[in-house]
Amino acid sequence: QVQLVESGGGLVQPGGSLRLSCAASGSIFSINVMGWYRQAPGKQRELVAAIRRGGRANYADSVKGRFTISRDNAKNTVYLQMNSLKPEDTAVYYCNVEGVQLTGMPLSSWGQGTQVTVSS
């Protein structure tokens, strides 16, 4: 089994910053893609940013220039630095990892979610 532990959410004023972290542990052979998704009330879950093992990243248009995703492969940890936050960034943020387990089976796992609220 693989466990994902997220941290870093909270309440911040518009224009502020937060940094999310997600650490993966357990039966992991390799992790290819690490990503962050978010789900606002009444909306579908959407991709915020994702990063491949080699470092190539992609972002939702709504966060380009404000958010930065990074990863530490040695620690199986992914980060999301969120700057210039807007009220519309308010959502539950979920970490996702995809790769291969020690058993050779595919790995796809979700974190428990962390609330980000942007409000004055």
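Close-up 1. Tyr 79 is a residue of strand S8, where strands are DSSP runs of type E with at least two residues, numbered from the N terminus. The model shown is a predicted one, in which local features need pLDDT of at least 70 and side-chain atom pairs count only at pLDDT 80 or more, whereas totals for chains, interfaces and linings use all residues. Residues are numbered from 1 along each chain as its sequence is written, and side-chain values use heavy atoms, with hydrogens and water left out. The relative accessibility of Tyr 79 is 15%, so this residue counts as buried; the class covers values under 20% relative accessible area, while exposed means over 50% and partly exposed lies in between, with a 1.4 Å probe and protein chains only. Contacts, meaning heavy atoms within 4.5 Å, link Tyr 79 to Arg 19, Leu 20, Ser 21, Trp 36, Thr 68, Ile 69, Ser 70, Arg 71 and Asp 72, once residues up to four places away in sequence are set aside. Ser 7, by sequence 72 residues from Tyr 79, has its C-alpha atom 9.6 Å from that of Tyr 79.

**Close-up 2. The open sheet S1-S3-S8-S7.** Four strands form an open sheet in the order S1-S3-S8-S7, and their pairing is antiparallel. S1 and strand S7 (67-72) are the edge strands, each with a single partner strand, so one side of each has no neighbour in the sheet. On average, and with direction ignored, neighbouring strands of this sheet are turned by 15° against each other; the axes behind this angle are lines fitted to C-alpha atoms, and angles run from 0 to 180 degrees between N-to-C directions. Pairing requires that DSSP finds at least two bridges between two strands, and S3 and S8 are joined by six bridges in the antiparallel sense. In that pairing, Cys 22 faces Val 78 of S8. S7 and S8 likewise run antiparallel, with six bridges between them, and here Phe 67 has Met 82 of S8 opposite.

**Close-up 3. Strand S1 and its partner S3.** S1 runs antiparallel to S3, and six bridges join the two strands. Among the bridge partners in S3, Ala 24 is that of Leu 4, and Ala 23 is that of Val 5.

**Close-up 4. The disulfide of Cys 22 and Cys 95.** The sulfur atoms of Cys 22 and Cys 95 lie 2.2 Å apart and form a disulfide, a term that requires a pair of cysteine sulfur atoms within 2.5 Å. Under this cut-off the count is one disulfide. Cys 22 belongs to strand S3 (residues 18-26) and Cys 95 to strand S9 (residues 91-101), so the pair ties together parts that are 73 residues apart in sequence. The torsion about the S-S bond is about -80°, so the disulfide is left-handed. With a relative accessible area of 0%, Cys 22 is buried, and Cys 95, also at 0%, is buried as well.

**Close-up 5. Ser 109 in strand S10.** Strand S10 (residues 106-110) contains Ser 109, which at 12% relative accessibility counts as buried. Apart from neighbours within four places in sequence, Ser 109 is in contact with Val 2, Leu 4, Cys 95, Asn 96 and Val 97.

Close-up 6. Through shared partners, salt bridges join Arg 38, Glu 46, Arg 66 and Asp 89 into one network. Asp 61 and Lys 64 form a salt bridge at 3.1 Å from N to O, and both of these residues are exposed.

Terms used. A salt bridge is a side-chain nitrogen of Lys or Arg within 4 Å of a carboxyl oxygen of Asp or Glu.
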